[in-house]
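I opened this notebook to keep track of what I looked up, one part of the fold at a time.

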Amino acid sequence: MAAPAIASAGRASLGYPAAETARARRNSKIARDEAPSAGTPLPGAARRRPRAVISRYSAWSLARRALTGARWQRAWRAAEPKSSYEVVVIGGGGHGLATAYYLAKNHGIRKVAVLERGYLGSGNVGRNTTLVRSNYQIDGNTQFFEHSLKLWEGLSHELNFNVMLSQRGQVVLAHGPSQLDVLARKGNIMRLNGIDAELLDRGGVMRMLPFLDFSSESRFPIHGGLLQRRAGTVRHDAVAWGYARGADRQGVDVIENCEVTGFLRDGDRITGIETTRGRIGAERTAISVAGHSSRVAALAGLRIPVESHLLQAFVTEPIKPFLDHVVSFGAELFYISQSDKGGLVFGGHIDGFNSYTQRGQFPKVRTVAECAVALIPSISRLRLLRHWAGIQDMTPDGSPFIGRTPLRNLYFNGGWCYQGFKATPAAGWCFAHTIANDEEHPLVRHLALDRFRRGNGHDEYGNGRWTYKQ
Ligand SMILES: Cc1cc2nc3c(=O)[nH]c(=O)nc-3n(C[C@H](O)[C@H](O)[C@H](O)COP(=O)(O)OP(=O)(O)OC[C@H]3O[C@@H](n4cnc5c(N)ncnc54)[C@H](O)[C@@H]3O)c2cc1C
């Protein structure tokens, strides 16, 4: 069948990554120049081994350490809580750490603490399936996620930490003519917003992904797909580590094993928090706890429209590379990619009930495996190595919240549903702006906490059931 006439936007025409990279290099230089001193070595250690030196990660510093035996500095200090801060960010996931980093870097606010109840990366930032993209079609969300993808494109340079962005491209499949029409509409909206999108007909998909089931017996015949070449994957733990290191180098205290258990109030103003490591005063407090959003907000007396569900992810035994794109099934919520180690990484829908267990249920394993085999029959004999779950904070319309709350000096970021990882840089960027200025960043004004009361939902779920997820 002939594909509707949208052509490639081409990467070069965007011009953003190069500009972003140059700016990021300048910023990395600032971070290096302002890095704190290396701290005091243990008694006697200096005589035995050269002292660790904070420096940028580079081929030069690698060679220098190889030749001199100098140790690497900890990526971030094991900070102890102080009695008060200008801003306290609750939650050391990707969003909390990015928020602290941009508060310091973009707004010069350095008396900042990030409080994490476990260890960094123990939440969803280290559990997700690593997909990043900006193929959104609701006004507001389109621009926000494109801003995020542009930040991803310069992030390794910005942080001087390789987050392993792999822009391998994502293909969303259409299994019928009407679904291809929906994808054409989405592609055209993306292109009108300056985002790359290419519509593929059946032949185009077959040339790119010949191992999909194109046979006459296929359960869901493939009619075409929408390709975003700049979409891809990012090494998820590296994002937490890179932002933690970047924030730490600007003076932010990253405090692990410190759970927030309550809020200090003076009327309708939040003045600090209670934690398992004592009371901490805060001029401004920011909640960024993903799957625990409703629980933590409730400690401040707020009832927010978020439910916690489990989302599972799966990885198979490693095999030779054959899948060099991210592929999203159009007949169910299912997507698959291949990791650098060779395992196939995939996921699907949330489990259908509320839970905080971080352990998925068997019926979903079965549905996801059925999708995998319907799409790529040749992997039917592969063994699953592992599966795990994270806690997703689901909103009624599939769009998140970033903004002020009814309580003064308390800010909220959450409700990211399936899409919080790809949002990490932009969420941190916009949340930091919101906290620093006590006013929502223009890119997130449509994501206010009271939008349902105003009848102003942003229905990311209703945006073509098959196309809103990875
Ligand atoms: C299996 C799975 C696959 C996913 N795949 C993708 C994907 O491919 N692409 C995508 O864009 N998104 C994906 N997501 C969603 C994405 O991972 C999340 O939306 C995003 O990571 C949430 O933001 P975060 O990184 O800040 O969360 P988290 O890493 O969960 O950070 C929140 C932190 O808050 C801490 N915390 C909670 N309560 C307290 C407290 N009281 N005091 C102190 N700290 C507290 C938690 O311990 C946690 O570390 C996926 C999610 C899952 C579970």
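**Entry 1: A448**

I began with A448, which, leaving aside its neighbours within four places in sequence, is in contact with G403 and E440 (two residues are in contact if their C-beta atoms, placed from the backbone, lie within 7 Å). I noted that this is a predicted model, in which local features need pLDDT of at least 70 and side-chain atom pairs count only at pLDDT 80 or more, while totals for chains, interfaces and linings use all residues. Residues are numbered from 1 along each chain as its sequence is written.

I located A448 in the segment after α11 (420-437); helices (H or I, at least four residues) and strands (E, at least two) are DSSP runs, numbered from the N terminus.

**Entry 2**

Next I followed an open sheet of 8 strands with mixed pairing, in the order β5-β6-β4-β13-β14-β15-β12-β16 (two strands pair if DSSP finds at least two bridges between them). Its edge strands are β5 and β16 (384-394), each pairing on one side only.

I then looked at strand β6 (residues 224-228), where 5 of the 5 residues are buried, so the strand is largely enclosed by the rest of the structure. G224, L226 and Q228 cover one side and G225 and L227 the other, all of them buried. Strand β4 (residues 170-174) pairs with β6 in the antiparallel sense over 5 bridges, and I see V171 opposite L227. Strand β5 (residues 198-201) also runs antiparallel to β6, joined by 4 bridges, with L199 and L226 as bridge partners.

**Entry 3: helices**

Helix α6 (residues 177-192) lies across β4, β5 and β6, running at about 20 degrees to β6; axes are lines fitted to C-alpha atoms, for helices over the stretch in contact, and angles run from 0 to 180 degrees between N-to-C directions.

Elsewhere, I found helix α4 (residues 94-107) packing with helix α8 (residues 236-249) at an angle of about 30 degrees, their axes 9 Å apart. That makes α4 roughly parallel to α8, a term for angles under 35 degrees. The contact is made by residues including L97 and Y101 of α4 and V239 and Y243 of α8.

Technical notes
Angles under 35 degrees count as roughly parallel, over 145 as roughly antiparallel, 65 to 115 as roughly perpendicular and the rest as oblique. A residue is buried if 20 or more other C-beta atoms lie within 10 Å of its own, exposed if 12 or fewer, and partly exposed in between; C-beta atoms are placed from the backbone.
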